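Q: Please take a close look at one part of this assembly, the stretch that carries a database annotation. Then set it in the context of its chain and of the neighbouring chains.

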Amino acid sequence: MNEATPMSPRPSSASTANISRPGDTTPPGAPERPAPQAPGTPRTGAGSAGRPRQGLKARLMKPRTGGLLVLAVVVAVLPAFLQNAFHYDVAIQIGFNAIVAIGLNLLIGYCGQISLGHAGFLGVGAYFSAITVTNFGWPPLLSLVVAAVVVGLLAFVIARPILRLKGHYLAMATLGIGLIISIILNQEAQLTGGPDGMIVDPFTVFGFEFKKPWHWYSLVGGLLVIAAWLSLNIIDSPVGRALRAVHGSEVAAEVVGVDTTRYKVMIFVVSAVFASVVGSLGAHYIMFLSPQEASFFHSVELVIMVVLGGMASTFGAVVGAATLTALPQFLTFLEDYEHLIFGLILMLVMIFLPKGVVPSLAALFKRGGEK
Amino acid sequence: MLGEFIQYLFSGLTSGAIYALVGLGFALIYNASHVINFAQGEFVMLGGMGTVFLAAAGVPLPLAVVVAIIGTACVGFALEKLAVEQTKNASVVTLIIITIGASIVLRGAAQVLFDKQFHTLPAFSGDEPINVLGATITSQTLWVLGITALIVVVLQWFFNRTLLGKAILATSVNPLAAKLVGINVSFVLLLSFGMSAALGAIAGVLITPITSTNFEVGIMLGLKGFSAAILGGLGNPFGAVIGGLILGIVEAFGAGYISSEYKDAMAFIIILLALFFMPSGLFGKKGTERV
Amino acid sequence: MTLKHTRRTFMAAVAALGVAAAASLPGNAQAADEPIKIGTFLSVTGPASFLGDPELKTLQMYVDKINAEGGVNGQPLELVHYDTGGDPNKAVTFVKRLIAQDEVDAIVGGSTSGESLAVMPLMERFEVPFISFAGSKKIVDPVQAWTFKTPHTDTMACEKIFEDMKKRGFTQIAMISGTGGFGQSMQAECQGVAPDYGIEILADETYGPKDTDMTAQLTSIKNTPGVQAVLNPGFGQGPAIVTKNYRQLQIDAPLYQSHGVASKKFIELAGDAAEGVRLPAAALLVAEQLSDDDPQKPVVTGYKAAYEEKHGEGSVSTFGGHAYDGLMLIVDAMKTAGSSEPQAVRDALENTKGYMGTAGEVNFSENDHLGLTPDAFRMLEIRNGDWVLVDDTTG
Amino acid sequence: MSLLTVDTLVKEFGGVRAIDDLSFTIDPGTIHSIIGPNGAGKTTLFNLVTGVYTPTFGTVQFNGEPVTGKKPYELAARGMSRTFQNLQICMNMTALENVLVGRHLHLDGRLLPSLFRLPRIVRGDRAAEDMGRELMAFVGLEKYFDWDADAMPYGALKRLEIARALAAEPKLLLLDEPAAGLNDVESREIDNVIKKVAESGVTVVLVEHDMKMVMEISDHILVLDYGRKLTEGTPQEVRQNPDVIAAYLGQVA
């Protein structure tokens, strides 16, 4: 006589996760595992015994301090391994991609909203900077900021109607937006140079021109650390919890007062702005810009970075960006078989580490640690 | 001008029928597994390229067509068995990436196995255009439309009248319940991938005389097919067909009456508008969220 | 704070180490016999693969051939090649790799204009002799010290076509162009030079590179009164579909294609519909039809025979020819300079005079890094499924 | 004045009336139960009251203010909070983080302060975590603070939902079958929690099948049948109502 038997609950992961399919349900009565205890994190008793005082070790274990420190060290030490302009170029490209992936990860990994059109925002940012600096002589830094504002506004206007959509429909809508942007960039040749692209002026700030690889490396490395810091800040904050709640259970988030639409729009805009800034800088770095930057393929590449590295993991996004940027450089010796092998690697990683490299390895590590 | 209007309509139907056939493949797999298979365009490519190369190797054309379709179906089986089935609990985004990976693999394999050139097949019943009310249409377009219609009818019959078809529908609605009543769910999934691949291959054979084919032709066709399936509404094969036809017709009228530069953009704007008012596509299931 | 996070910290560290490891990319290897390294970056895959594929095949074939004949200046050639997939950004990375990592002596390639334009600043900065295989005029105008190119410019093709139209008395035409880089460039260049030939463009339509049906655009053209001829610049399968649709709609005005379809493949794809189509192309396509005293004849018949022997009857295209010219120009310059030292090679290249290639006679100078004249183009017509030379400007 | 007033409420799904001309009021400071057989429309009613569904007809007033058609988060801001019959736990978060989501309305939810982790965010989160731990202890989840939600047993998740709902400090708490699927011991614990909540001044509305529990803790009971009000009153009155016995309790026997 139960209205719905508790034996057939619709687990939240299937009913409200934005993208779901039959079978990907997590049984709510999952087998009880021993309570995990993080080493070095003191526990408090029940109630008002006050919060734990955190020692230095505990603080270093937090991603916002420890993880960020590791990232900063890697960025600082990496040049010792970079032997030439090509190595620097790959490192810089990794940095650019990683920043976009970190932003996109906030949207896809944490908020659970897919976008197959983010290269479009990157492209708008890039072209805005390229055109205003090269054709109209704006200072590059000003262009970059204005471009970010313009892209932010564009994303804001688009986000509201689009983010009502769920799952594959959202994928389609974002794909459509990206394609429309890319078509415009291709067609408005007087302004953009069309499919052949346009030459872009160098990046100068107050008279200093970013010319040498290490100039760019320092800039991008610094921005990467800042982007990771901002991302980690967001995740572990009221905003971040609201975002993750939207992913976990949209209706639950709503009934405790989270304006889910507002947060979806907010993070869509943030991730678009990340992409825009990278677009602007990238155009100056390459000193050439073509509509391929805004293409569907680039959008898909960015999503692959996020998913491959690990959704809902800031450092996963970095690892994903690094892997996807560097891997083709390692596979060139395969010549005609390059694409075949690249696709196989992608498939195998996703089949065997479906949550992405970093979270899957982390889970493995965790299980190992408990034994 | 009537002739002009009808010509645009024919033009739209030609492209639209192609999109519809590819969209149908998306719908079929989605129906059974709720997976969007981004390698669907590659099935179309394999059907066309396979036929071309078998024929070039001296296999009689009709036999080449059959072998290419069966071969592509086997690729579909393999994709389900070796990739999709191995990922029971993967999120849908992960599955999307896996099927994108599969499409890269298939393109890479085709590039090595076949070549990078464009190829074509002779039209089934000659190249003579048919005049209708001052407009012309090629007989191959009629083949595409006719076979698409036939496939829709056969699919309707299959899903509504046969036990196996009903089993697929049941699996789509509730895989657990389907399993409990004795349906071999993994067989159903395997079958749907095979059917969808075969359908893609048929599309490939049908459209090669119109568009030609090469190892990368699947990318754009996949994209359009996906758009068609979404516009029509997921889970409804009939919707995918209508979605494809609408897409083709919007492009043709856009190119004819407004601007050929922005005809693709217009098609996507129509899709966005449609989704804005109908978030589950034109014929998709609108469910109230149960909490 | 939480367990999830602490573990992630560890993993981040591990991952970061991975990045560091990844940074030690393939190291510099110096071969013992010190070959001359020729670098190339081509769209072997992607939308322009029909350019990159024959280009790479040509380069590989002739590098082997040259080595079998004893190499250049006593040194063997080594070809280092990367596939850009047509992406200018990838081209930039690969060119940095060619220059900084592979330490090549010269670079040829860039199947598309976008790729070529994107990497030119690098060639200038690192002072590497570079020969592009792409069409755009912007590559050699203004002239950059280190950049040369082998194919005719798109403007020349327009001029050749309009010349033929003028000769046949056509003054009002329509254009239907692909929206790819090549189609758009041709569209713009042709619009620019049309007034010089007294030609008026009455209708200007476009189609996407992957479109499946162009009857809508062609119906607009058909219904535009006064159109005497139609020009379709584009490449890939698009022009073949346009040609088929053109016949389907029974448009009577003559159809012109561009040098973007200058391979037998086009005739194969368009079938009977291709009958009567005219296009400007290099002499390569009609090698056998050239008169025996044509100085270009030995070059084009030689290349054609060699390529088709390896890759099949009818497989030759002018695209592969551009790669042949590029490689030979570099090799000749190295022979002239007596070394592969960049500055010497560049100077020798710039002083190339009377090189007879598949595209025509090349005369580089300080102000001309293209070195071809419009008459290097031949006007061809498709008759009975083959090319027929129709202009009499050639010798 | 009543806290919640529902007036001539109607909800149709494709022509079928799941809620049909329903009116009732809920007074502050009571434990109010809604009972009825399967498909009586209890959960639909919850969804209508909390804004998850929009009514076809009729009005809802909360705290003297008309709130018909308001979004769930707007109602939450006015002091309404709820749990779900089918768990709605964020499985991608830890238990404590789930409770902190419930605290959302009392924290700074603007982007920039969070982005730069201003001191106010740090302070707010710290206080919220303390409160979250207290609430988890309150519902008996001391051992689960830093557990990933997807690793917790069903009964614990049911209680976690209550803790999350309480973190919003609601005036009105709607609990949809909080004891469903729990064993007797767990049920009694939930029982106690509900009583404690009510004692703290929160008005509780309960949908529950466990008649023993309903009769024991309710101040007032509303009986639904086919979307309509069958009767309402004190547990005593309801128990003796012949319609109720026929339509509902009769089935049990």
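A: UniProt positions are given here in the numbering used for this structure, feature names are shortened, and annotations may be inferred rather than shown by experiment. The model is predicted: local features need pLDDT of at least 70, side-chain atom pairs count only at pLDDT 80 or more, and totals for chains, interfaces and linings use all residues. Residues are numbered from 1 along each chain as its sequence is written, while chains are lettered from A and ligands numbered from 1 in the order in which they are written.

The annotated stretch lies in chain C, where an unreviewed UniProt entry lists residues 35-381 as "domain: Leucine-binding protein". The end C-alpha atoms of this span lie 44 Å apart, and its content is 42% helix and 17% strand. Helices (H or I, at least four residues) and strands (E, at least two) are DSSP runs, numbered from the N terminus.

One helix of chain C can be checked in detail. Helix α2 of chain C covers residues 49-68, and at 1.5 Å a residue its 20 residues should span 28 Å; the end C-alpha atoms are 28 Å apart, which agrees. The expected span is 1.5 Å times one less than the number of residues. Just after α2(C), G70(C) takes a positive phi of about 105°.

Chain C as a whole has twelve helices and 14 strands. Its radius of gyration is 23 Å, close to the 21 Å that the globule rule gives for 395 residues, so chain C is as compact as a globular protein of that length. The radius is taken over C-alpha atoms, and the rule is 2.2 Å times the number of residues to the power 0.38. The C-alpha atoms of chain C fill a box of roughly 70 × 65 × 40 Å along the principal axes. Of its 395 residues, 62% are buried. A residue is buried if 20 or more other C-beta atoms lie within 10 Å of its own, exposed if 12 or fewer, and partly exposed in between, with C-beta atoms placed from the backbone. Among contacts in chain C with a separation of 6 or more, 67% join residues 24 or more positions apart. Two residues are in contact if their C-beta atoms, placed from the backbone, lie within 7 Å.

Chain C also touches chain B: 29 residues of chain C are in contact with 27 residues of chain B. On the chain B side, the elements that give two or more residues are α1 (2-33), α8 (185-211) and α10 (237-258). Of these, α1(B) gives the most, with eight residues. The residues on this side of chain B divide into nine nonpolar, 13 polar and five charged. Here Ala, Val, Leu, Ile, Met, Phe, Trp, Tyr, Cys and Pro count as nonpolar, Asp, Glu, Lys and Arg as charged, and the others, Gly among them, as polar.

Chain B itself has eleven helices and two strands. For its 291 residues a compact globule would have a radius of gyration near 19 Å, and chain B has 19 Å, which agrees.

R107(B) is buried, with 24 other C-beta atoms within 10 Å. Leaving aside neighbours within four places in sequence, R107(B) is in contact with H339(A), E42(B), F215(B), E216(B) and G218(B). Chain A, for its part, comes to 16 helices and four strands.
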